[in-house]
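Subject: Structure for you to look at

Hi,

Here is the structure I promised to pass on. Please open it beside this email and follow along. My notes come after it.

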Amino acid sequence: MDLSYSAEDEAFRAEIRAWLEQHLTGRWAELRGLGGAGRDHERFDDRLEWNRLLAEHGWTCVGWPEEHGGRGLSLWQQVIFHEEYARADAPARVNHLGEELLGPTLIAFGTEEQKVRFLPKIVAVEELWAQGYSEPNAGSDLANVQTKARLEDRHWVIDGQKVWTSNAHLSQWVFVLARSEPGSERHHGLSFLLVPLEQDGVDIRPIEQLTGGSEFNEVFFTGARTDADLVVGEPGAGWAVAMGLLGFERGVSTLAQTVDYGRELDDLVAAAEQNGAVDDPFIRDRLAQLRVELEVIRAQAMRGLSAIGLGDDSAAAGGAGSIFKLVWSNWHKRLGEVAMDVAGPAGLLARPSGPAYDLDEWQRLFLFSRSDTIYGGSDEVQKNILAERVLGLPREARG
Ligand SMILES: Cc1cc2nc3c(=O)[nH]c(=O)nc-3n(C[C@H](O)[C@H](O)[C@H](O)COP(=O)(O)OP(=O)(O)OC[C@H]3O[C@@H](n4cnc5c(N)ncnc54)[C@H](O)[C@@H]3O)c2cc1C
């Protein structure tokens, strides 16, 4: 496996690095490091503006084909883009779901009208998207979706409830998996609908998290409406579209995540040096272990991507996505735990802030990273996939 970059790729790296150095200055420099998992509330409006500046300069949707408004970058140039973006500590981007999940899904499954209507506004960061899959009784078991949709007067009319809908309160649209064929079961009879959030039939109620933030929501649909032609794929055949979308979930940006993790680890080592925790051999060992594991995770991500780049499906068939999800999410959770060990008893105390409390970055990381092994497919579900689909073990008993 050759992991070196070509001269053309290195020239591209110099271009994006120079652009970031030139533009991440003045008022934008204040946004460095803001946003990200568990911290989406940080200077959201300013980060939205920054994202629109990126769009003006062609730095959104960089992997999409040019005909759909992207840059048509090669896989490795996308990796470089995300690496440099993370290295510059540029503010977290705000439309992950539109750019990395819905956009590629529309390109693959959408009608021409849907592409023309929605893709340019994702590229320009004018419309933000939320994901309406999970329900109170349909999380890991997504095929149990009960939200209903019926066609009436050239509209879909939607009734039901979604939950854990990240950023619905900041978005204009949501893609919804709903049961459109009465009496259908499991993955049959579902439709994948594009639904505007700003309407009377939609009620968005924030859920307060352990961290004190409210990034996700319950979303209630009571006679909510969307145009009849805003179904992606055939009505009743939405499962294939929904699964196609999940296939885009672990794209190249996950490699950049390892750059962010590297920075978090550097900061933790610095904090341990500062408060003397690094003198504790137990903590030193754990920090060293985290460093080694992160290198392994990065090499594994590169191997998976290079297989995709070479058109080799064996990595996917070998469960590379599930293995990667298992290792990075557990690594990040351990980072949070070591951070609490480094903080010592001070880690137990939150700072009072007005009527509420405020957490420092390590407390927030510790608490938010508990969710890493849940979203995007829980640990247990990834292990089931590996056991059944890769190792060929007997299927678990299902009730
Ligand atoms: C931070 C965060 C953001 C999220 N954002 C969104 C979003 O934007 N949109 C959206 O639709 N959803 C979102 N989710 C929801 C997420 O997809 C679900 O939480 C996840 O699918 C798990 O479903 P559940 O919470 O219903 O748990 P359940 O499926 O009820 O699982 C409960 C426990 O049982 C285990 N379990 C379940 N089935 C099995 C099995 N067959 N074998 C062994 N163990 C099993 C699970 O691993 C878990 O430990 C988000 C979740 C989090 C934490």
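Start with His57. This residue sits in the loop between α3 (44-56) and α4 (75-87). Helices here are DSSP runs of H or I with at least four residues, strands are runs of E with at least two, and both are numbered from the N terminus. The model is predicted, so local features need pLDDT of at least 70 and side-chain atom pairs pLDDT 80 or more, while totals for chains, interfaces and linings use all residues. Residues are numbered from 1 along each chain as its sequence is written, and side-chain values use heavy atoms, with hydrogens and water left out.

Buried means under 20%, exposed means over 50%, and partly exposed is in between (1.4 Å probe, protein chains only). Leaving aside neighbours within four places in sequence, His57 is in contact with Trp19, His23 and Arg71. Contact means heavy atoms within 4.5 Å. The side chains of His57 and Trp19 make a polar contact at 3.3 Å. A polar contact is a pair of N or O atoms within 3.5 Å; within protein, one must be able to donate a hydrogen and the other to accept it, and residues adjacent in sequence count only if both atoms are side-chain atoms. Along the chain, His57 and Trp19 are 38 residues apart, and their C-alpha atoms are separated by 9.4 Å.

Rings of Phe, Tyr and Trp (its six-membered ring) pair if their centres lie within 6.5 Å; planes under 30 degrees apart are stacked, over 60 edge-to-face, and the rest tilted. By this rule there are 17 aromatic pairs. One of them joins Phe175 and Phe192: the centres are 5.6 Å apart and the planes at 10°, so this pair is stacked. Phe175 is in strand β4 (residues 173-179) and Phe192 in strand β5 (residues 190-196), so the pair ties together parts 17 residues apart in sequence. Phe175 is buried, at 0% relative accessible area. Phe192 is buried at 0% too.

Now the backbone. Most residues other than glycine have a negative phi. Asp89 has a positive phi of about 60°. Asp89 lies in the loop between α4 and α5 (96-109) and is partly exposed at 24%. Arg186 has a positive phi near 50°. Arg186 lies in the loop between β4 and β5 and is partly exposed at 39%.

Next, Thr373. Its place is the loop between α12 (361-368) and α13 (379-390). Thr373 is buried, with a relative accessible area of 7%. Its side chain makes a polar contact with the side chain of Lys333, at 2.9 Å.

Last, the ligand. Which residues come nearest to the ligand? Of the 16 around it, they are Ser134, Ser140, Trp164, Ser378 and Glu380. A residue is near if one of its heavy atoms lies within 4 Å. An oxygen atom of the ligand is 2.5 Å from an N or O atom in the side chain of Glu380. A nitrogen atom of the ligand is 2.8 Å from an N or O atom in the side chain of Ser166.

Best wishes
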